[in-house]
Structure formats: structure tokens, C-alpha cells
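Subject: Structure handover

Hi,

Here is the structure I promised you. Please open it alongside this note. My findings follow below.

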Amino acid sequence: LKYLSKKIPKRALINHKALIIGGSRGLGELTAKIIATSGGNVTITYNNNKDLAKNLLKIFKKRKLKLQIKNFKINKSGNFNNKTLKNSNYNCLYYFATPLIYRQKNKKFDKKIYRDFNNIYSKALIKIIKSLKIKNLIIFYPSTVYNLKKDKNFSEYIHAKRDGVNKLKNMEKKFKFFLVMKKLPPFKTD
């Protein structure tokens, strides 16, 4: 945070009210640090990493940065507890929900693995957008260069992310949100 505070203008994101799904570690954690360091209000969610989220909260409080943490579990069916999203006034949603991406499999394309990914990358996100009911919400939905490759080890992931992108593009005008998609190279985020 000390490094970021020297590189980022203090009040650049003062009006930013961000919900970061999957914000306790990796890219979500880094995004939370950047937004908060720039003056924004941040709420991160965690699934299994309560200790990491609490530690992050301590660090933010020490630096007088705005952070809330919420437990938010998306199950394999793409369902979640809607209470976490009630009474929210976010203007940005960063979607870093990530199941285990690499899995051992016995066949070329495993429909069950695809369904698990699709439930996280499409079904759950669509439900979240509908639950928030916020017009002009900015949604950051990262993608990966894996979507440009034909890698049989990641075919279910690639197809689920592509389907998610297409569904979101089709919803964008109807639900009045702005979709930001960036292709990121594969890299370790922890």
C-alpha cells in the first residue's frame, strides 16, 4: 500500500463505490488496494478466505482506507445468499470469482466441469447484476488470453468464459450497465 500511495493520486476515485467479488486475494485484493488508495469505498467478498479478508481489513484501517468485508459464497449451481447484496449503493462491480480452474479430467470436454464454470462465470454473475438493480453500473469482467488459444486442458473454462462474455454483451443495454472486459495473460495471482 505504501508503494501504491506514492503512485496513485489520493482522490482520483473518490466517487468510486466498488463491490469486488473475490477480493480477499489475488487480483481482487490488488484492485481493492488501488481503489481504496485512490479514495474510493471498497467492499470485498470472500468465500473461504475469512482470515485473509480480516487481515486486509486491519491493514486498510491502519492506513485509514475505506473497506468492508462480506462473506459471499457462490455454490456450484451458481446460487448465493442475496442478503450480502441488499441495500447496496455500488457503482462498480469487479467480478473475480474464481473456482479451481485446472482440474484432472478423463475426457476431451467434460460437461460437468463446463457446467460448474458456467454457473460461476455466467449464471451467478447475471443473478448478481439483477439483484443489485443499479442503473449505469460499471462491471469489470476480466477474461484471459486462454480464450484465444485452443488448449484442451482448459476447454471447459474457455467455453464458459466465452459464453459469459456473450451473455453479458446481450444484457448490457437491457439492464443499463457498462461492461469492461480486458484480456489478461495467465499468471499466478497470489
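How many aromatic pairs does a search of the whole structure find? The search gives eight. Keep in mind that this is a predicted model.

Start with F96 and F140. Their rings form a tilted pair, 6.0 Å centre to centre, with 50° between the planes. The pair links distant parts of the chain, 44 residues apart. F96 sits in the loop between β4 and α4, and F140 in strand β5. F96 is buried, at 10% relative accessible area. F140 also counts as buried, at 16%.

Next, Y121 and Y157. This pair is edge-to-face, with 5.7 Å between centres and 80° between planes. Y121 belongs to helix α4 and Y157 to helix α5, 36 residues apart. Both are buried: Y121 has a relative accessible area of 3%, and Y157 has 7%.

K161 lies over the face of Y141, 4.3 Å from the ring centre.

Now the strands. β5 and β7 run parallel and are joined by four bridges. I138, in β5, stands opposite F178 in β7. I138 has 37% relative accessibility, so it counts as partly exposed. Together, I138, F178 and V180 make a nonpolar surface patch of about 230 Å².

Best wishes

Definitions and conventions
Residues are numbered from 1 along each chain as its sequence is written. This is a predicted model: local features need pLDDT of at least 70, side-chain atom pairs count only at pLDDT 80 or more; totals for chains, interfaces and linings use all residues. Side-chain values use heavy atoms; hydrogens and water are left out. Patches are made of residues with over 30% relative accessible area and no salt bridge: like charges are joined within 9 Å, nonpolar side chains (Val, Leu, Ile, Met, Phe, Trp, Tyr) within 5 Å. Accessible areas come from the Shrake-Rupley method with a 1.4 Å probe; for residues, only the protein chains shown count as cover. A salt bridge is a side-chain nitrogen of Lys or Arg within 4 Å of a carboxyl oxygen of Asp or Glu. Helices (H or I, at least four residues) and strands (E, at least two) are DSSP runs, numbered from the N terminus. Buried means under 20% relative accessible area, exposed over 50%, partly exposed in between (1.4 Å probe, protein chains only). Two strands pair if DSSP finds at least two bridges between them. Rings of Phe, Tyr and Trp (its six-membered ring) pair if their centres lie within 6.5 Å; planes under 30 degrees apart count as stacked, over 60 as edge-to-face and the rest as tilted. A charge sits over a ring if NZ of Lys or CZ of Arg is within 6 Å of the ring centre and within 35 degrees of the ring normal.
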